[in-house]
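The notes below are meant to be read beside the coordinates. They take the strand pairing, then the helix contact, and then a few individual residues.

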Amino acid sequence: MIQASKLIAQGRGLAPVLLKRATTVELDWDVRQKSRFSATDSAGRELGVFLPRGTLVRGGDVLVAEDGSLVRVLAAPQPVLYITHCQNHGTPFDLTRAAYHLGNRHVPIELQPDHLKIEPDHVLADMLRAMHLIVHAKDMAFEPEGGAYAAGHGGGHGHHGHEHGDHGHAHEHSHDHGHDHDHGDGHGHKHAH
């Protein structure tokens with residue numbers, strides 16, 4: 001098994017010829033949101049991927065294996081709900097409203113100017129249809145937003161100095177000393193106080 005513990009977001013800085021020669025690995029969203037997983041590349045090599053905790057792997061990212069070889073990540077087609085507004089009765093704003101309601105439910109969502117994509121959920125599909133949106137089940141690549149909690153591309157999934165209703169307390173404090181402490185949210189942040 002070959003280990004890969006480095007990720008180059010979207011292959012930035014790599015020559016196109018290197019990307020062309022790279023093997024590929026096709027991964028669905030469930031795997032790409034994990035920082036540790038195993039996969040088989042297009043050359044049949046077993047890969048053990050060990051990335052920094054909280055890393056999101058996107059289609060187009062490049063993994064660097066311990067032997068220096070490059071492996072280009074492809075977003076695998078997977079079941080999704082493809083959501084569009086009704087041309088006859090709705091407006092593009094209906095998609096904005098739907099994104100708001102889905103975000104309120106912390107649903108991973110891919111936002112595009114003319115459509116939304118979410119993972120299959122019949123309750124959400126019914127809610128969206130009741131909002132006069134068109135919902136189709138398709139097999140497509142799924143690249144949900146990193147959201148407000150992602151620390152940049154491929155970044156973590158931590159809370160960063162904001163108050164959020166579910167926690168019942170703010171993450172900002174004023175003390176005259178610095179220390180680490182855990183808010184009980186499983187993220188154990190370091191705060192400067």
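1. Gln3 has Gly48 in β4 as its bridge partner, and Ala4 stands opposite Val49 in β4. Both pairs concern the parallel pairing of strand β1 (residues 2–8) with strand β4 (residues 46–50), which extends over three bridges. Strands, here and below, are DSSP runs of E with at least two residues, helices are runs of H or I with at least four, and both are numbered from the N terminus; two strands are taken to pair if DSSP finds at least two bridges between them.

2. The model is a predicted one, in which local features need pLDDT of at least 70 and side-chain atom pairs count only at pLDDT 80 or more, whereas totals for chains, interfaces and linings use all residues. Residues are numbered from 1 along each chain as its sequence is written, and side-chain values use heavy atoms, with hydrogens and water left out.

3. β1 is also joined to strand β5 (residues 62–65), by four bridges and in the antiparallel sense, with Leu63 in β5 as the bridge partner of Leu7. β4, for its part, pairs with strand β3 (residues 36–40) in the antiparallel sense over five bridges, and there Ser38 has Gly48 as its bridge partner. The hairpin of β3 and β4 has five residues between the strands, and in that hairpin Gly44 takes a positive phi near 85 degrees.

4. Helix α3 (residues 93–104) and helix α4 (residues 122–130) have axes that come within 11 Å and cross at roughly 150 degrees, which makes α3 roughly antiparallel to α4. The axes are lines fitted to C-alpha atoms, for helices over the stretch in contact, and the angles run from 0 to 180 degrees between N-to-C directions; under 35 degrees counts as roughly parallel, over 145 as roughly antiparallel, 65 to 115 as roughly perpendicular, and the rest as oblique.

5. Ala98, His101 and Leu102 in α3 meet Leu124, Met127 and Leu128 in α4, contact being defined by heavy atoms within 4.5 Å. The residues of this contact divide into five nonpolar, one polar and no charged, where Ala, Val, Leu, Ile, Met, Phe, Trp, Tyr, Cys and Pro count as nonpolar, Asp, Glu, Lys and Arg as charged, and the others, Gly among them, as polar.

6. Leu95, also placed in helix α3, is buried, with a relative accessible area of 5%; buried means under 20%, exposed over 50%, and partly exposed in between, computed with a 1.4 Å probe on protein chains only. Leaving aside neighbours within four places in sequence, Leu95 is in contact with Ile83, Thr84, His85, Pro113, Asp114, His115, Leu116 and Leu133. The C-alpha atoms of Leu95 and Gln112, 17 residues apart along the chain, are separated by 9.5 Å.

7. His106, in the loop between α3 and β8 (109–111), has a positive phi of about 55 degrees although it is not a glycine, and is partly exposed, with a relative accessible area of 47%. His132, in the loop between α4 and β10 (133–140), has a positive phi of about 65 degrees, again without being a glycine, and counts as exposed at 57% relative accessibility. Most residues other than glycine have a negative phi.

8. Gln33 lies in the loop between α2 (29–32) and β3 and, at 35% relative accessibility, counts as partly exposed. Not counting residues up to four places away in sequence, Gln33 touches Thr55 and Leu56. Gln33 and Gly146 are 113 residues apart in sequence and 10.0 Å apart in space, C-alpha to C-alpha.

9. Taken over the protein, the secondary structure comes to four helices and 12 strands, and 40% of the 193 residues count as buried. Among contacts with a separation of 6 or more, residues 24 or more positions apart account for 60%.
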